[in-house]
Amino acid sequence: MDELEFCVKSLSYPLGMVLENLERRDGQRAEIRGSRLILPEVPFPAKCYLAALVIFESLDAVDRKRLSDDYLGLEEFREKILSSKLGELVGKYLRDPWTYLGNRGSLVVDWLEFKRREERVRPYLERLKSLREESKSRGEFLERSGFLGELSVDEALLLGYLAEDEKFRELINAALGKHNSLFKEMVVRYFRALRA
């Protein structure tokens with residue numbers, strides 16, 4: 001997994017699953033041509049957003065509707081970047097992203113594969129829910145969540161995606177950062193890419 005896949009999956013795991021199967025090429029605009037994702041040479045935050053956006057726009061209406069909350073997450077990411085120091089660097093790409101989008105392809109989310117992966121991490125999610133109820137403090141929750149060290153980076157991202165609310169997702173990410181060295185290393189690489 002590279003930083004772009006990590007970024008897209010952190011915004012929308014299903015869109016990141018689609019990205020896994022696309023060959024990447026450099027080009028003038030963000031577009032889909034067959035099984036290729038063409039991306040312009042732009043700063044990383046803009047590249048991540050444009051990649052996720054063009055994949056979303058290339059899905060059929062049913063999948064787009066199913067992922068409507070994920071689309072809102074993409075827009076939150078865009079607004080967050082625009083209102084940060086990075087906004088100066090990438091503002092022209094994010095204020096009018098449609099200018100940088102080309103051909104929309106015809107992509108699908110493999111929901112059977114998504115379900116298979118979900119079944120793998122669901123027991124961890126249920127265990128974390130119980131742990132959250134049992135723990136008297138955040139510190140206790142973090143101390144008792146060492147079992148998250150068993151997960152791959154991909155599984156860790158899916159676990160966060162499946163969390164019901166933002167506070168629980170933040171708690172899960174804190175526990176992953178504490179106990180999962182692979183996830184922690186990928187987060188560091190991702191933030192370096194954002195600031196590069």
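A residue is called buried when its relative accessible area is under 20%, exposed when over 50%, and partly exposed in between. The model treated in these exercises is predicted.

**Exercise 1.** Work out which residues of helix α5 are buried and where they lie around the helix axis.

Solution. 
1. Asp-70, Leu-74, Glu-75, Phe-77, Arg-78, Ile-81 and Leu-82 are the buried residues of α5.
2. Viewed down the axis of α5, these buried residues fall within an arc of 155°, so they line one face of the helix.
3. Asp-69, Glu-76 and Lys-80 are exposed on the other side of α5.
4. The packing partners of the buried residues are several helices, including α1 (3-11), α3 (44-57) and α11 (181-195).

**Exercise 2.** Give the strand order of the open sheet and find the strands at its edges.

Solution. 
1. The open sheet has 3 strands in the order β1-β3-β2, with mixed pairing.
2. β1 (23-27) and β2 (31-33) each have a single partner strand, so one side of each is left without a neighbour in the sheet.
3. From one strand to the next, the twist averages 30°.
4. β2 pairs with β3 (residues 36-40) in the antiparallel sense over 3 bridges, and Arg-33 stands opposite Arg-36 in β3.

**Exercise 3.** Classify Glu-134 as buried, partly exposed or exposed.

Solution. 
1. Glu-134 belongs to helix α7 (residues 111-134).
2. Its relative accessibility is 44%, so Glu-134 counts as partly exposed.

Terms used. Residues are numbered from 1 along each chain as its sequence is written. This is a predicted model: local features need pLDDT of at least 70, side-chain atom pairs count only at pLDDT 80 or more; totals for chains, interfaces and linings use all residues. Side-chain values use heavy atoms; hydrogens and water are left out. Helices (H or I, at least four residues) and strands (E, at least two) are DSSP runs, numbered from the N terminus. Buried means under 20% relative accessible area, exposed over 50%, partly exposed in between (1.4 Å probe, protein chains only). The arc is that of the directions from the helix axis to the C-beta atoms. Contact means heavy atoms within 4.5 Å. Two strands pair if DSSP finds at least two bridges between them. Axes are lines fitted to C-alpha atoms, for helices over the stretch in contact, and angles run from 0 to 180 degrees between N-to-C directions.
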